[in-house]
Amino acid sequence: MAWEFFIPVFAIGILFLGLPWLVLHYVTKWKQAKTLTGEDEQLLDELYDTARRLEGRLQTVERIIAADHPDFRPAVRSDEELARIEMNRRN
Amino acid sequence: MSASRTKFYLDKQNAKWSGVCAGIAEYSGIDVVWIRVAAVMLTVMGSGMTLIAYFLIAWFADAKPYALYANREEAQFWQGVRSNPSRSTRDIKSRFRDLDRRLADIELYYTSHNKRLADEIDSLR
């Protein structure tokens, strides 16, 4: 008798309290872990852009120096080596 | 700069239907073929929930702004940011460190080079 009375109570409790709690709990966790604020995103964008531009400029400078001074054996890398470095960075 | 790069967009340029699968592929970096196969399989084998979800997403999500990314490399970079921002940050840091090292090489070359030249001039006197 007692069982039949408790089953709907449990069911309603789980459905209307437990489930939303679980969902909201993970939603808040996910938000805390993942969100990047708009400012962060913009900063990251600028940094990425700056790094790419600087890399391009530095590569130009290195090529000019290498052309002027044949003994300059810098980090002037061949394209293959650059690709390899890029791959290592990705992995 | 106004459009967020960490939002989910419908990818109308590569769309088969509404661009939901293409958008998911663009967002996550998983090949679009697998997303589409999974979507169709789930629809066939499961209930109609995938279809409902598909239409809801197609209805609510915005279309991707034109020319959000300048090139393929940038798109890949932002895929990385979406999946793991801290790794992307480290990635940029290592790029700057590499730049620093290469600049230091150039500086060292010029300073030591001039020093050698100065030594030679000195020896000629």
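A residue counts as buried here if 20 or more other C-beta atoms lie within 10 Å of its own, as exposed if 12 or fewer do, and as partly exposed in between, with C-beta atoms placed from the backbone. This is a predicted model, where local features need pLDDT of at least 70, side-chain atom pairs count only at pLDDT 80 or more, and totals for chains, interfaces and linings use all residues. Residues are numbered from 1 along each chain as its sequence is written, while chains are lettered from A and ligands numbered from 1 in the order in which they are written.

View 1. Helices (H or I, at least four residues) and strands (E, at least two) are DSSP runs, numbered from the N terminus. Helix α4(B) takes in residues 72-83, 12 residues in total, and spans 17 Å from its first C-alpha to its last. That is close to the 16 Å expected at 1.5 Å a residue, where the expected span is 1.5 Å times one less than the number of residues. Look for Phe77(B), Trp78(B) and Val81(B), which are buried. They line one face of the helix, because they fall within an arc of 95 degrees seen down the axis of α4(B); the arc is that of the directions from the helix axis to the C-beta atoms. As a reminder, an α-helix has 3.6 residues a turn, so residues three or four places apart point the same way. The buried residues of α4(B) pack against α2 of chain A together with α5 (85-124) of chain B.

**View 2. Where chain B meets chain A.** Two residues are in contact if their C-beta atoms, placed from the backbone, lie within 7 Å. On that basis, 21 residues of chain B touch 18 residues of chain A. On the chain B side, the elements giving two or more residues are α4 and α5. The most come from α5(B), with 15 residues. By class, this side has 10 nonpolar, 5 polar and 6 charged residues (Ala, Val, Leu, Ile, Met, Phe, Trp, Tyr, Cys and Pro count as nonpolar, Asp, Glu, Lys and Arg as charged, and the others, Gly among them, as polar). The model scores ipTM 0.73 and pTM 0.64.

**View 3. Chain A, helix by helix.** Chain A has 3 helices and 0 strands, and buried residues make up 2% of its 91 residues. Its mean pLDDT (the predictor's confidence in each residue, from 0 to 100) is 79, with 74% of residues at 70 or more. Where pLDDT is low, the predicted coordinates should not be read in detail.

**View 4. Chain B and its helix α2.** Chain B runs β-α-α-α-β-α-α from the N terminus, and buried residues make up 13% of its 125 residues. Helix α2(B) (residues 32-45) is hardly covered, with 0 buried among its 14 residues.
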